[in-house]
Amino acid sequence: MSSSLTSWVDINQQSDFSIYNIPFGVITSQGKTRVASRIGDYVIDLSSLFETTLLDGLGFDQSDFDSHKLNNLMLKGKQATRRLRNRLQELFQQENNELKGSENWVSKVLIPVDAVSMEMPVEIGDYTDFYSSIEHATNVGTMFRDPDNALLPNWKYIPVGYHGRSSSIILSGQEIHRPKGQQKPKDDEAPIFGPCKLLDFELELGFITYEGKPLGESISTAEANDYIFGMVLFNDWSARDIQKWEYVPLGPFLAKNFASSMSAWVVTLDALEDFRVAGPQQDPAVFPYLEFSGNQNIDIQLEVQIQPEGKEPSTVSQSNYKHMYWNQSQQLAHHTVNGCDIHAGDLYASGTISGPTRDSYGSMLELSWKGTNPIQLNDGSERKFIQDHDTVIMKGYCEKNGIRVGFGEVSTKVLPTK
Ligand code: CA
């Protein structure tokens, strides 16, 4: 990889949206919702760009870009979306004059990002949440079970996951209300009902798939990346006190399904390929269907901030996606090994991404160690969990040899219980 690509669009060095990125999203501007990409501080209106005929011959129709979701694009498959992204990268390179040469077209196609509103980019069909960070699973097991046997016996054999709910996945910027529900304060007391007291974020990334194979077929680890369109930042909100009372014996339910927040731009897997790294050594050896070759982890730097009402944000965690024990190829291979079918627009969350050090944990549960170790914010206040009117902001980007590809942010403000 070399930093040889430059664009005729002025892009800040620190922008997540370099010419190496070219993500996909959905915008509304002047009352019209359509598919877009992004470069620097501009969105690329792909509906208008298609009208110029510069996207002809790539296998797309005007209706694909006039759509309110990216699902039509994903249904065209990996080769088609790759051709589209490659063509966009070509059109915006310094030396390319095809679009740059027409001021009229440029002013139609490039819209300042501040002049548009972002929309939920994907009609999410099914949502699966994994539990693939060994540091996170170890921390939770240490806190709630046994420090000497923190990982359950299945953890190093199975990329553990559960089926979540897609209806309450929301876009960055949308506010949520603190959920209410049943909790059980102490073992010897009766349960109570009221606002969640232990509201938490989970720092995660999600990947979004193309159309998979028919029911009954499996996707191998070698094939998995061909079925992954791209990734988003994902805050998988959790009500820890509700969770603790309800999860026996069937697992997560109302503690998890009140909201999960995702970032607006889907960064393609193609844009992330140059940032692949080796993952942790897996021991014991995995079953053959979970074996993989090559570097399957991705070096994505992650940060969580808490912003109290009217105050500056404080960074409370810095983690990295490269720490994940189970990689996406293994997750998808495991998900389909029984013949489960996957579809364009399905979302798979990584599980909380905790790093090895105290300042890299991906949830308040771990950062404050069940509330025993409050986190100091810059304004002098303390947090054990998330308070009303706090905004939780997550950011993520890859950087190597001066090339940056990032996700922007996912930001959600918590309002009091309704
Ligand atoms: Ca989760």
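Between domain 1 and domain 2 there are 6 residue pairs in polar contact, with both residues at pLDDT 80 or more; a polar contact here is a pair of N or O atoms within 3.5 Å, where within protein one must be able to donate a hydrogen and the other to accept it, and residues adjacent in sequence count only if both atoms are side-chain atoms. Welcome to a predicted model, in which local features need pLDDT of at least 70, side-chain atom pairs count only at pLDDT 80 or more, and totals for chains, interfaces and linings use all residues. Residues are numbered from 1 along each chain as its sequence is written, and side-chain values use heavy atoms, with hydrogens and water left out.

**Who touches whom on the domain 1 side**

- Strand 1 (25-29), strand 2 (32-39), helix 3 (71-75), helix 4 (78-91) and strand 5 (117-119) are the elements giving two or more residues to the side of domain 1 that touches domain 2; helices (H or I, at least four residues) and strands (E, at least two) are DSSP runs, numbered from the N terminus.
- Helix 4 gives the most to this side, with 4 residues.
- By class, the side of domain 1 that touches domain 2 has 8 nonpolar, 5 polar and 5 charged residues; Ala, Val, Leu, Ile, Met, Phe, Trp, Tyr, Cys and Pro count as nonpolar, Asp, Glu, Lys and Arg as charged, and the others, Gly among them, as polar.

**The domains and the area between them**

- The chain is assigned domain 1 (24-119) and domain 2 (127-415), with bounds that come from an automatic or database domain assignment.
- Taken over C-alpha atoms, the centres of domain 1 and domain 2 are 30 Å apart.
- In all, 18 residues of domain 1 are in contact with 18 residues of domain 2, contact meaning heavy atoms within 4.5 Å.
- About 1500 Å² is buried between the two domains, and carbon and sulfur atoms give 64% of that area; buried area is the accessible area (1.4 Å probe) that two parts lose on being put together, summed over both.

**Salt bridges**

- The structure holds 18 salt bridges, each a side-chain nitrogen of Lys or Arg within 4 Å of a carboxyl oxygen of Asp or Glu.
- Between domain 1 and domain 2 the count is 1 salt bridge.
- Arg82 and Asp270 form a salt bridge, with their closest N and O atoms 2.8 Å apart.
- Lys76 forms a salt bridge with Asp61, at 3.4 Å between the closest N and O atoms.
- That pair links distant parts of the chain, 15 residues apart: Asp61 is in the loop between helix 1 (46-51) and helix 2 (62-66), and Lys76 is in the loop between helix 3 and helix 4.

- An open sheet of 5 strands runs in the order 9-26-25-20-21, with mixed pairing; two strands pair if DSSP finds at least two bridges between them.
- Strand 9 (176-177) and strand 21 (314-320) each have a single partner strand at the edges, so one side of each is left without a neighbour in the sheet.
- Strand 20 (residues 301-307) and strand 25 (residues 391-400) pair in the antiparallel sense over 7 bridges.
- Tyr397 in strand 25 is the bridge partner of Gln301.

**Backbone details to look at**

- Val248 and Pro249 are joined by a cis peptide bond with omega about -5°, and Pro249 sits in the loop between helix 8 (240-246) and strand 16 (260-262).
- Another cis peptide bond joins Asp283 and Pro284, with omega about 10°; Pro284 is in the loop between strand 18 (276-277) and strand 19 (297-298).
- His389, a residue other than glycine, has a positive phi near 75° and lies in the loop between strand 24 (382-383) and strand 25.
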